[in-house]
Amino acid sequence: MDDRFNTIAGWTLFGGIVALGLSTLSAHYFLADKHERPEKMGYAIAGVEPEGGAAAAAVVEPIANRLAKADAAKGEAIFAKCKACHTIDQGAANGIGPNLWGVVGDARAEGRGGYAFSDSLKSKTGKWDFASLDEWLTNPKKFADGTKMSFAGLSDPMDRANVILYLNSKGSNLPLPAPEAVPAAGAAPAGAAAPVAMVGDAAKGEKVFAKCMACHTIEQGGANGIGPNLYGVAGDAIAEGRGGYAFSDALKAHKGVWDQATLDQWLSGPAKFAQGTKMTFAGLTSAQDRADVIAYLNSKGGKLTLGAAPAAAPAK
């Protein structure tokens with residue numbers, strides 16, 4: 001009897017040891033190298049912009065300026081996605097959302113053939129002017145928390161301007177606001193001290209410019225290549241002339257001249273200066289390299305008054 005009991009006890013103990021070993025082994029397998037807390041908890045959701053991200057930081061042109069270059073035909077094409085809920089023609093019935101004929105300049109959340117607006121939108125008294133329509137189309141739920149409008153909004157500022165121009169053409173035809181004067185990109189605020197311009201060396205700039213010659217000519221009368229000929233560009237109008245070169249709309253939107261500050265900003269990052277530019281060059285990270293290139297450009301028919309490069313130290 002005792003031998004039988006000892007045998008059972010032995011097998012039970014052995015089974016417990018095996019189970020403990022398998023548990024330890026599986027823990028090591030599944031944990032692998034994950035002994036530490038993850039650096040970032042959770043996971044990203046596709047299509048959701050993190051708070052404070054690039055989209056939040058982007059500077060948007062005033063609606064008046066965007067309307068001045070908007071296209072109602074493009075707005076009509078974008079509005080196609082709204083037709084599941086809205087009609088737009090005069091006398092058409094309301095759908096899931098109200099008929100939008102003549103909505104621009106009309107009172108918010110009133111009329112529209114007796115449409116039952118949400119209390120949250122009715123609390124937003126006033127008229128649908130261009131600015132409030134732009135805000136509404138950006139994010140309806142942010143504009144009126146509790147709205148019945150389920151559409152997430154239009155993130156592209158020009159898409160919103162195009163749609164607003166199209167809405168205005170359907171029974172409103174209000175005069176567009178005059179574009180606002182806005183500081184040039186990178187311009188210092190009014191009253192701020194101007195930064196001290198770095199003095200460039202044209203001879204050094206010529207060497208740096210060698211990497212630009214794959215796309216640009218620089219001599220007077222030189223033909224345009226992938227990029228425009230740059231003779232006399234310093235001090236010249238931005239995105240004009242240059243032998244009829246076809247500039248991008250993004251660059252043509254930047255009015256003014258290629259002064260020293262604007263050239264420096266452009267050379268820092270062309271795509272950042274004019275998002276949508278055809279210029280594929282990433283830019284020059286060195287401020288001195290940019291100053292040297294600007295001095296070289298100015299030496300080739302330029303009109304800018306730049307500081308003189310420091311004289312070379314005498315040989316000893």
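**Figure 1. Overall view of the predicted model.** Of the 316 residues in the protein, 32% are buried. The coordinates belong to a predicted model. Its secondary structure amounts to 13 helices and zero strands, and the pattern read along the sequence is accordingly written α-α-α-α-α-α-α-α-α-α-α-α-α. Among contacts between residues at least 6 apart in sequence, 50% join residues at least 24 apart. The protein exposes about 20,500 Å², of which carbon and sulfur atoms supply 59%.

**Figure 2. The largest nonpolar core.** This core comprises 29 residues. The members that touch the most other members are Leu-67, Phe-79, Leu-121, Trp-128, Trp-136, Ile-164 and Leu-167. Two or more residues are given to the core by each of the elements α3 (63-68), α4 (72-79), α6 (130-138) and α8 (157-169). The largest share, six residues, comes from α8. In soluble globular proteins, nonpolar side chains tend to be buried together.

**Figure 3. Surroundings of Ile-164.** Ile-164 is one of the residues that touch the most other members of the largest nonpolar core. With its neighbours within four places in sequence set aside, Ile-164 is in contact with Ile-63, Leu-67, Val-104, Phe-130, Leu-133, Asp-134 and Leu-137. Among these partners, Leu-67 likewise belongs to the group with the most contacts to other core members.

Note on methods: Residues are numbered from 1 along each chain as its sequence is written. This is a predicted model: local features need pLDDT of at least 70, side-chain atom pairs count only at pLDDT 80 or more; totals for chains, interfaces and linings use all residues. Side-chain values use heavy atoms; hydrogens and water are left out. A nonpolar core is a set of buried Ala, Val, Leu, Ile, Met, Phe, Trp, Tyr and Cys residues joined through side-chain atoms within 4.5 Å. Buried means under 20% relative accessible area, exposed over 50%, partly exposed in between (1.4 Å probe, protein chains only). Helices (H or I, at least four residues) and strands (E, at least two) are DSSP runs, numbered from the N terminus. Contact means heavy atoms within 4.5 Å. Accessible areas come from the Shrake-Rupley method with a 1.4 Å probe; for residues, only the protein chains shown count as cover.
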